[in-house]
Amino acid sequence: MTDPSVPTPVTSIPHATESVSVPQVRFRGEGGKLLLLLPPERETATPTAAWTDLWQQLKQRLNAAERFWQANTPVHLIARDRLLDARQLQAIADALTDAQLQLKRVHTTRRQTAVAAATAGFSVEQQPPIVHLNQEESGQALAEPLYIETTVRSGVEIRHPGTVIVLGDVNPGSSIVADGDVLVWGALRGVAQAGAAGNSRCLILALRMEPTQIRIADFVARAPQTPPDQYWPEVAYVTGDGIRIAKASDFSREALLE
Amino acid sequence: MSRIIVVTSGKGGVGKTTTTANLGMALAQRGHKVAVVDADFGLRNLDLLLGLENRIVYTAVEVLAGECRLDQALVRDKRQPNLALLPAAQNRTKDAVTPDQMKRLVAALTKAFHYILIDCPAGIEMGFQNAIASAREAIIVTTPEVAAVRDADRVVGLLEANDVKRMYLIINRLRPAMVEQDMMMSVKDVQDILAIPLLGVVPDDERVIVSTNRGEPLVLAENPSSAATAFSNIVRRLEGEKVPFMDLSAPPDDFFSRIRRFFQGHKP
């Protein structure tokens with residue numbers, strides 16, 4: 001490792017797992033169909049704000065990944081304990097249709113949502129509330145990587161219980177929080193956090209590393225005060241003295257074992 | 001089919017209303033029927049910039065309440081018959097209108113106008129939601145400042161999430177001399193972040209302030225200022241014409257700066 005620039009360390013942060021435990025809207029492929037997983041209802045948000053949030057996340061995810069789905073892939077909506085009315089269900093179905101996906105079935109634990117879905121003409125599966133769909137995710141294995149092709153713009157926060165790959169720029173004012181690695185094929189200008197659940201062996205890679213702040217596990221660093229004359233693809237990783245950044249071409253996994 | 005364009009920025013004071021007034025007037029001069037809609041309920045300004053304040057009888061709120069017809073609320077421009085203003089109510093707040101109501105209003109306007117320009121309020125709350133509800137295209141106005149660009153970036157993200165896919169960028173109040181000295185973000189710096197097609201760059205110009213206070217859009221002036229020319233070019237680009245971008249490099253004011261530039265080499 002020849003040229004590790006030293007990012008400014010910042011005092012350690014409170015443990016960051018909480019941010020990841022607030023899940024977001026997520027797609028997952030499963031046997032030829034796509035599951036659209038909605039995060040469980042939170043008590044803090046008002047219903048309108050919760051819906052606006054949910055809607056924006058859904059649109060972002062759809063816009064960022066539409067080329068990966070074949071036309072007319074059936075989608076099962078896993079609504080969990082979300083309260084959705086007929087209008088909202090129709091909005092979700094329409095958004096999916098625009099992305100050439102088909103909403104086929106709604107899974108819910110709420111009676112009202114089940115009734116609304118049935119009235120709107122979707123197949124419904126109502127599970128008893130005890131069957132917690134979160135449980136399948138509470139294992140130790142990371143979720144499959146989230147691959148998004150978009151510019152992550154100011155105000156957007158992407159959280160994912162696995163590795164996040166962004167094909168595009170991550171702009172200032174946005175943040176990416178991943179339990180695994182963060183790979184940015186573009187300029188990283190926002191906040192990136194890898195190993196948010198505590199794994200300090202996670203990495204942050206970017207073609208152009210000019211982040212507002214980077215975090216790996218419990219370590220935090222700012223980019224150096226003076227920007228470099230030239231940008232290279234770089235890797236941020238944790239050593240005994242905190243976060244370091246190295247040119248990608250000089251970086252090897254062995255460095256972590258020193 | 002008429003074009004419905006929202007003029008928005010996120011941050012306040014970057015020139016949304018000035019842009020709306022000038023683009024509206026320039027489009028009308030080119031023979032289009034144009035309606036400019038003030039969506040800034042409670043803090044309306046567009047009427048002032050167009051010099052039409054004293055002609056307002058009814059506003060959009062009265063139209064929605066059914067107290068008057070839409071054509072009664074529309075204020076025809078005194079100089080340019082192709083231009084009409086739909087004023088906002090000054091005595092209400094943003095919550096007086098819903099996105100659905102805005103959609104209905106704009107849909108009614110599309111029957112009589114080719115262009116509908118919606119002047120969006122600052123912020124991303126209810127007023128913003130109302131303004132973008134019916135828009136099919138958006139003009140993002142920003143100044144070359146970090147805060148303005150940050151907010152513009154946020155707004156671009158929100159527009160994408162609301163299915164407004166066609167967006168254009170206007171960089172307002174650029175000071176070429178400061179850019180050359182590396183004291184201001186350049187057009188390229190702004191474009192690097194926002195990554196949407198550039199519609200035009202409007203140089204900082206004192207005559208904008210004069211025109212604003214007089215209620216006379218810049219594009220009406222006899223001998224056009226550089227900002228007025230920029231707005232005319234923007235309108236032509238908006239209509240699909242290929243217009244080369246103005247050379248905004250600062251005039252070489254003295255011998256020494258010319259020498260300095262010579263030795264620095266040609267900067268892109």
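Student: Which strands of chain B does helix α1 (residues 16-29) lie across, and at what angle does the helix run to β5(B)?

Tutor: In this predicted model, helix α1 of chain B lies across β1 (3-8), β2 (34-38), β4 (83-86), β5 (115-119), β6 (137-142) and β7. The helix runs at about 165° to β5(B).

Student: What makes β3 (75-76) and β8 (198-203) of chain B edge strands?

Tutor: The open sheet has 8 strands in the order β3-β4-β2-β5-β1-β6-β7-β8, with mixed pairing. Strands β3 and β8 of chain B each pair on one side only.

Student: How do you know that β7 (residues 166-174) of chain B pairs with β8(B)?

Tutor: Pairing needs at least two bridges, and 5 join β7(B) to β8(B), so the two strands count as paired. They run parallel, and B:Leu169 of chain B stands opposite B:Leu198 in β8(B).

Student: Why is helix α2 (residues 47-65) of chain A called roughly parallel to helix α3 (residues 86-98) of chain A?

Tutor: Their axes come within 11 Å and cross at roughly 10°. Angles under 35 degrees count as roughly parallel, which makes α2(A) roughly parallel to α3(A). The contact is made by A:Trp51, A:Leu58, A:Lys59 and A:Leu62 of α2(A) and by A:Gln88, A:Ile92 and A:Ala95 of α3(A). By class, that contact has 5 nonpolar, 1 polar and 1 charged residues.

Student: What is the mean pLDDT of chain B?

Tutor: The mean is 92, and 93% of the residues of chain B reach 70 or more. The model scores ipTM 0.80 and pTM 0.83.

Methods
Residues numbered from 1 in each chain as written. Chains lettered and ligands numbered in written order. Predicted model: local features only at pLDDT ≥ 70, side-chain atom pairs only at ≥ 80, totals over all residues. Helix = DSSP H or I, 4+ residues; strand = E, 2+ residues; numbered from the N terminus. Contact = placed C-beta atoms within 7 Å. Axes fitted to C-alpha atoms, helices over the stretch in contact; angles between N-to-C directions. pLDDT = per-residue confidence, 0-100. Parallel < 35°, antiparallel > 145°, perpendicular 65-115°, else oblique. Nonpolar A, V, L, I, M, F, W, Y, C, P; charged D, E, K, R; others polar.
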